[in-house]
Amino acid sequence: MPEVETTVLSYGMGVESTAILLRWCLEEDTRPCPLDRIVVITAQVGDEYEDTGRDVQTYMLPMLRCHGIRFVQV
């Protein structure tokens with residue numbers, strides 16, 4: 001793994017950014033850096049589908065917490 005200080009992912013809570021996060025969590029050789037050096041940034045503006053927010057809270061946030069990935073809501 002190349003030496004990278006921090007990787008920031010803009011998380012739109014859609015299929016593509018969710019797939020990237022899942023892959024980084026589950027497939028070590030795809031990560032740009034160790035998981036504790038990844039920062040995930042998102043903004044919930046209120047126009048999201050109700051099921052999107054529910055699914056992120058139910059599945060993705062616990063996975064990020066489990067893997068020590070920092071999550072920032074702006």
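The following dialogue examines how several terms apply to this predicted model.

Modeller: In this predicted model, local features need pLDDT of at least 70, side-chain atom pairs count only at pLDDT 80 or more, and totals for chains, interfaces and linings use all residues. Residues are numbered from 1 along each chain as its sequence is written, and side-chain values use heavy atoms, with hydrogens and water left out.

Biologist: Why is Cys25 called buried?

Modeller: Buried means under 20% relative accessible area, exposed over 50%, and partly exposed in between, with a 1.4 Å probe and protein chains only. Cys25 has a relative accessible area of 4%, and is therefore buried. Cys33, at 0% relative accessibility, likewise counts as buried.

Biologist: How do you know that Cys25 is in no disulfide?

Modeller: A disulfide is a pair of cysteine sulfur atoms within 2.5 Å. For Cys25 the nearest cysteine sulfur belongs to Cys66 and is 8.2 Å away, so Cys25 is in no disulfide. For Cys33 the nearest cysteine sulfur is that of Cys25, 12 Å away, so Cys33 is in no disulfide either. The structure holds 0 disulfides.

Biologist: What makes Thr6 partly exposed, and what makes Thr7 buried?

Modeller: The relative accessible area of Thr6 is 47%, which lies between the two cut-offs, so Thr6 is partly exposed. Thr7 has 14%, under the 20% limit, and is therefore buried. Thr6 lies in the segment before strand E1 (7–10), whereas Thr7 is found in strand E1. Strands (E, at least two residues) and helices (H or I, at least four) are DSSP runs, numbered from the N terminus.

Biologist: Which residues are in contact with Thr6, leaving aside its neighbours within four places in sequence?

Modeller: Contact means heavy atoms within 4.5 Å. On that basis, and with those neighbours left aside, Thr6 is in contact with Arg37 and Val39. The C-alpha atoms of Thr6 and Ile38 are separated by 5.7 Å, although these residues are 32 apart along the chain. Thr7, not counting residues up to four places away in sequence, touches Trp24, Pro32, Cys33, Arg37, Ile38 and Val39.

Biologist: What makes a set of residues a nonpolar core, and which members touch the most others in the largest one?

Modeller: A nonpolar core is a set of buried Ala, Val, Leu, Ile, Met, Phe, Trp, Tyr and Cys residues joined through side-chain atoms within 4.5 Å. The largest has 14 residues, of which Tyr11, Leu21, Ile38, Val40 and Ile69 touch the most other members. Helix H1 (15–26), strand E2 (38–42) and helix H2 (50–66) each supply at least two residues of this core. Not counting residues up to four places away in sequence, Leu21 touches Leu9, Tyr11, Val40, Met60 and Leu64.

Biologist: Why is Val45 called exposed?

Modeller: Its relative accessibility is 65%, over the 50% limit, so Val45 counts as exposed. Val45 is found in the loop between E2 and H2.
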